[in-house]
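Student: I would like to go through this model and ask what backs each label.
Tutor: Go ahead; each answer will set a value against its cut-off.

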Amino acid sequence: MLIVAAGPAQHNGTIQVITRRFLLGHGVAVSFLAPAIAAPLSPRAAARPQTPPRVQPLVLLDPGHGGKDPGAIGVSGTYEKIIALDAAQELRRQLLASGRYRVELTRTRDVFIPLEDRVGIAQKHGAALFVSMHADALSDPHVRGASVYTLSDTASDAQTAALARRENAADRFGGPAFRDASPEVARILASLVRQETRVGSARMAHSVVEQLHRDLPLLQHPSRHAGFMVLKAADIPSVLVEMGFMSNRADEAALRRANHRARVAAAMKRAVDAYFNGAGGTVTARRMAG
Ligand code: ZN
């Protein structure tokens, strides 16, 4: 039995370039193929060399807060929502200038968007990478520096949530072949996507830390984990970047300056480049197939 699961376009960055075959007991073979590479399976097409998809990956930038939610308010009155939007727009400009990416923002104006809607926007656009941009406040005004967050599912009450997410992710595969698969196979495929997402998110977080570290102050242990609602897209590698803290006078002053935001954006652009240049997805596929 061969089950071909055709993933939706949003798997572009992580899944679409990977061809994997899994044996799931009883000789059931599951090939997990994205549409762009599933097509050459026909005998005639198989003879042609496979060409990688030419569609540029979509980077979804998410300026935190907005509208009635100002986010953190800095020591001299700066609103986080303004800094987040300015920084995201600068990063968009730099990413577009490279000619390598498509870029969308969850908001381009000072409007309120619920967290789950931000995830929905990323999924609707088929984002390959989701980057939420913030500059929150801490209770300790002395703490400063940038930091990066990925979704953690280690908390006990998150296990039920993770199960629900896997179920929901399975639903989103669509394709008739996948719909015919048993719930068990569907669940396995969905959890593979989630594993892929976790690996991608961790790899992006690593890239961001590495690049920010080159010319910006970082928080101690700058790569952290938390249950951020906005990172809960089951199939899109997602990170949340705190560019600095509004509660720290030096960070706030720096983030108010366009040239500093341009440096932050330049570092994040390098991190995006490193992420898409990386071979993490292939390594993962090899490990999982082996
Ligand atoms: Zn924030």
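Student: Over which residues does pLDDT stay under 50, and how many contacts beyond four places in sequence does the model have for them?
Tutor: This is a predicted model, and pLDDT stays under 50 over residues 1-41, for which there are 94 contacts beyond four places in sequence. Residues 155-179 also have a pLDDT below 50, with 34 contacts beyond near neighbours in sequence. Where pLDDT is low, the predicted coordinates should not be read in detail.

Student: What is the average pLDDT of the protein chain?
Tutor: The average is 73, and 62% of the residues score at least 70.

Student: Why is His 65 called buried?
Tutor: A residue is buried if 20 or more other C-beta atoms lie within 10 Å of its own. His 65 has 23 such atoms, so it is buried. His 65 sits in the loop between strand 4 (58-63) and helix 3 (80-98), and its phi is positive, about 65°, although it is not a glycine.

Student: What makes Glu 196 buried?
Tutor: The cut-off is 20, and Glu 196 has 25 other C-beta atoms within 10 Å, so it is buried. Glu 196 belongs to helix 7 (residues 183-215). Its C-alpha atom is separated by 8.9 Å from that of Ile 236, which is 40 residues apart from it along the chain.

Student: Why is strand 7 called largely enclosed by the rest of the structure?
Tutor: Six of the six residues of strand 7 (residues 146-151) are buried, so the strand is largely enclosed. Ala 146, Val 148 and Thr 150 point one way, Ser 147, Tyr 149 and Leu 151 the other way, and all are buried.

Student: What makes strand 7 and strand 9 a pair?
Tutor: Two strands pair if there are at least two bridges between them. Three bridges join strand 7 to strand 9 (residues 238-242), so they pair; the two run antiparallel.

Student: How does the reach of helix 9 compare with the span expected at 1.5 Å a residue?
Tutor: Helix 9 (residues 258-277) has 20 residues and reaches 28 Å from its first C-alpha to its last, close to the expected 28 Å. Its buried residues include Arg 261, Val 264, Met 268 and Tyr 275.

Student: What share of the protein chain is buried?
Tutor: Of the 290 residues, 42% are buried. The chain has ten helices and nine strands.

Technical notes: Residues are numbered from 1 along each chain as its sequence is written. This is a predicted model: local features need pLDDT of at least 70, side-chain atom pairs count only at pLDDT 80 or more; totals for chains, interfaces and linings use all residues. Helices (H or I, at least four residues) and strands (E, at least two) are DSSP runs, numbered from the N terminus. The expected span of a helix is 1.5 Å times one less than its number of residues. A residue is buried if 20 or more other C-beta atoms lie within 10 Å of its own, exposed if 12 or fewer, and partly exposed in between; C-beta atoms are placed from the backbone. pLDDT is the predictor's confidence in each residue, from 0 to 100. Two residues are in contact if their C-beta atoms, placed from the backbone, lie within 7 Å.
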